[in-house]
There are 2 protein chains.
Amino acid sequence: MPDRPVAPLHGVLAPPLTPFEADGRVAEALLIAHARHLLDAGCAGLVPFGTTSEAASLGLDERVDLLDRLVESGVPPERMIVGVGTTNLPDTVRLAAQATRHGCAGVLLLPPFYYPSVSDDGLYSFAERFIAQVDALVGAPRLRIYLYHIPQVAGVGWSANLVRRLRAASPDHIVGIKDSTGDWANTQALLGIDGLTVYPGTELLLPEALAHGAPGCISATANLNAHAIAESIRLHDDDRNAFDACFDAVARFRRTIQPYGAIPAQKALLARQTGDARWRHVRPPLRPLSDDATEALANELAAVS
Amino acid sequence: MPDRPVAPLHGVLAPPLTPFEADGRVAEALLIAHARHLLDAGCAGLVPFGTTSEAASLGLDERVDLLDRLVESGVPPERMIVGVGTTNLPDTVRLAAQATRHGCAGVLLLPPFYYPSVSDDGLYSFAERFIAQVDALVGAPRLRIYLYHIPQVAGVGWSANLVRRLRAASPDHIVGIKDSTGDWANTQALLGIDGLTVYPGTELLLPEALAHGAPGCISATANLNAHAIAESIRLHDDDRNAFDACFDAVARFRRTIQPYGAIPAQKALLARQTGDARWRHVRPPLRPLSDDATEALANELAAVS
């Protein structure tokens with residue numbers, strides 16, 4: 001059993017963008033400063049090493065080192081849900097054991113995503129071995145898993161039916177899910193699973209999700225718009241008119257960025273906003289947003305805000 | 001420049017299946033014995049750590065250790081093209097530097113496969129950095145790259161146009177490709193690229209491919225049928241009638257297995273054939289073939305051979 005029941009993080013959680021130097025090395029100090037800034041700006045927590053962090057483009061040792069650095073620098077582990085997804089069990093177990101030993105709020109678990117057609121039984125078996133191996137390494141069932149459902153990117157997902165089976169089998173370990181489909185019907189089905197914490201992967205679903213018991217959302221655009229998203233969640237229960245006005249602005253911001261693609265567009269805007277050109281860099285196979293597209297996006301955002 | 005021009009491996013190359021113990025650990029001694037057996041059975045070379053080896057389900061350190069063990073056990077490095085595909089540059093560079101230092105015949109390079117929609121320019125940039133970083137680590141341009149084109153699994157591929165660009169820019173490094181599409185039109189387009197070694201990923205394309213200058217094929221079914229595939233390639237230039245008869249049997253074998261799915265079906269057959277039940281094990285998310293399906297497949301194979 002966990003030491004004590006842990007309340008889920010309530011509010012907006014940001015998956016921090018990862019800044020790179022021109023030669024591709026991680027700009028560590030800038031990442032740490034950005035992580036602190038996101039918490040200061042109102043984020044309830046951080047979700048490093050998911051899709052938005054370009055975790056797929058980081059080496060295994062880089063991921064291990066960066067989490068150590070974030071914790072050493074004072075980012076509270078209990079406010080981090082750490083992405084541990086890889087294609088294989090041994091590396092994912094290693095990353096999850098590290099995050100659990102640090103006392104992180106949880107781990108964000110992709111299904112193994114190389115093989116395109118895998119059965120729910122195969123994914124169930126993967127999750128079962130994952131839990132057993134991490135428990136064995138950390139010496140107690142302290143692992144808290146948030147499943148990461150983003151089938152449009154990973155090619156593989158956790159079906160609502162499979163999530164129900166996993167939660168029933170391991171209620172102490174399977175505590176939540178990030179649903180990045182943007183599909184309210186799927187998010188709603190997940191919110192119907194007893195005791196499961198559900199974070200939609202976009203602030204656009206906040207009105208429905210908060211009304212159905214979600215504690216907030218995990219959103220890439222929190223890298224740029226954390227304060228307003230946090231404020232809209234704060235207002236939801238207290239002041240419906242103020243929420244509507246605040247949420248309208250939040251939704252306009254998100255809808256304007258969305259067509260430009262998540263990572264390069266947000267990095268380009270952050271570079272423009274902070275004056276630090278390193279934010280423009282992405283690792284291949286991603287490509288930076290062009291100067292023209294950045295200018296156009298900035299103008300569109302100015303027009304809607 | 002490489003020390004000397006290296007002739008491509010001529011014949012059938014096998015991507016060895018990876019045997020696991022019941023608890024999921026790699027059965028190392030059995031893998032090494034299987035690798036030696038494949039060479040004895042007539043394989044011109046081995047291509048470990050591609051899709052068929054379940055490389056996506058192996059941890060990074062496992063891949064490094066297994067290659068060391070294969071080389072230490074006497075499998076000639078100059079007869080191995082080593083899969084180095086991951087989603088990220090640092091780990092792929094590490095694996096490729098190791099294989100190159102061992103003097104392997106080459107590395108098999110998947111495109112980074114997490115992001116579903118990446119541009120040829122993004123993949124070009126990935127390959128360019130990959131080459132520069134491995135060269136820097138091994139201290140000379142000894143890296144020989146076989147691109148790995150299997151878009152139906154990886155979700156991302158090397159287009160013929162991109163292959164042409166890469167080969168033109170780095171003719172010493174980009175020496176070949178494994179085309180696992182099974183699409184003769186694509187294989188033919190690749191065979192038209194000057195100086196490129198093209199291995200189709202199936203023996204079914206041998207008649208066309210050998211006639212157009214391919215040195216052989218890389219085929220998963222070589223795990224079970226190495227001798228016959230090797231013999232058909234040997235006969236191709238010398239005795240057309242004997243080739244036709246031999247190839248007909250080879251093609252019937254392949255077509256019978258194909259609907260059962262590659263990895264679990266071949267492992268089940270190998271377990272049946274060798275009496276070593278460990279061959280049935282796959283790592284999740286894959287699932288072993290059922291006993292009933294194994295029996296049905298074995299009967300079908302008996303009927304066509």
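I call a residue buried when its relative accessible area is under 20%, exposed when over 50% and partly exposed in between, with a 1.4 Å probe and protein chains only.

**Entry 1: ground rules.** I am working on a predicted model, where local features need pLDDT of at least 70, side-chain atom pairs count only at pLDDT 80 or more, and totals for chains, interfaces and linings use all residues. Residues are numbered from 1 along each chain as its sequence is written, chains are lettered from A and ligands numbered from 1 in the order in which they are written, and side-chain values use heavy atoms, with hydrogens and water left out.

**Entry 2: A:Pro16.** A:Pro16 sits in the loop between strand E1 (11-14) and helix H1 (28-40) of chain A; helices (H or I, at least four residues) and strands (E, at least two) are DSSP runs numbered from the N terminus. Leaving aside residues up to four places away in sequence, I found A:Pro16 touching A:Leu31, A:His34, A:Leu38, A:Val47, A:Pro48, A:Thr52, A:Ser53 and A:Asn223, where contact means heavy atoms within 4.5 Å.

**Entry 3: A:Ala303.** I found A:Ala303 in helix H12 (residues 291-304) of chain A. A:Ala303 counts as exposed because its relative accessibility is 67%. From A:Ala303 to A:Pro15 I noted 26 Å, C-alpha to C-alpha, and 288 residues in sequence.

Entry 4: I noted a positive phi of about 75° at A:Phe49, which is not a glycine. A:Phe49 is in the loop between strand E2 (45-46) and H2 of chain A, and is buried at a relative accessible area of 6%. In chain B, phi of B:Phe49 is likewise positive, near 75°. B:Phe49 is in the loop between strand E2 (45-46) and H2 of chain B and is buried, with 6% relative accessible area.

I then looked up the cis peptide bonds. The bond from A:Pro284 to A:Pro285 is cis, with omega near 20°, and A:Pro285 belongs to the loop between H11 and H12 of chain A. The bond from B:Pro284 to B:Pro285 is cis, with omega near 20°; B:Pro285 is in the loop between H11 and helix H12 (291-304) of chain B.

**Entry 5: a helix pair.** At what angle do helix H2 (residues 60-72) and helix H3 (residues 89-101) of chain A pack? I read about 5°, with the axes 11 Å apart; axes are lines fitted to C-alpha atoms, for helices over the stretch in contact, and angles run from 0 to 180 degrees between N-to-C directions. H2(A) and H3(A) are therefore roughly parallel (angles under 35 degrees; over 145 is roughly antiparallel, 65 to 115 roughly perpendicular, the rest oblique). From H2(A), A:Leu60, A:Asp61, A:Arg63, A:Val64, A:Leu67 and A:Asp68 meet A:Asp91, A:Arg94, A:Leu95, A:Gln98 and A:Ala99 of H3(A). I sorted the residues of this contact into five nonpolar, one polar and five charged (Ala, Val, Leu, Ile, Met, Phe, Trp, Tyr, Cys and Pro are nonpolar, Asp, Glu, Lys and Arg charged, the others, Gly among them, polar).

Entry 6: I looked up the largest pocket, which has a volume of about 840 Å³. On a 1 Å grid over the protein atoms alone, a pocket is an open set of points with protein on both sides within 12 Å along at least five of seven lines, a cavity is a set where a 1.4 Å probe fits but cannot get out, and lining residues have an atom within 4 Å of a point. Points are joined across faces, edges and corners, and a volume is the space filled by probe spheres set on the points. The largest pocket is lined by 36 residues, with B:Thr51, B:Val153, B:Gly261, B:Ala262 and B:Ile263 closest to its centre. H11(B) gives the largest share of this lining, four residues.

The second largest pocket has about 680 Å³. Among its 31 lining residues, A:Thr51, A:Val153, A:Gly261, A:Ala262 and A:Ile263 lie nearest the centre.

**Entry 7: cavities.** I counted six cavities of 30 Å³ or more. The largest cavity has about 320 Å³, and of its 32 lining residues A:Arg63, A:Thr86, A:Thr87, B:Thr87 and B:Asn88 are closest to the centre.
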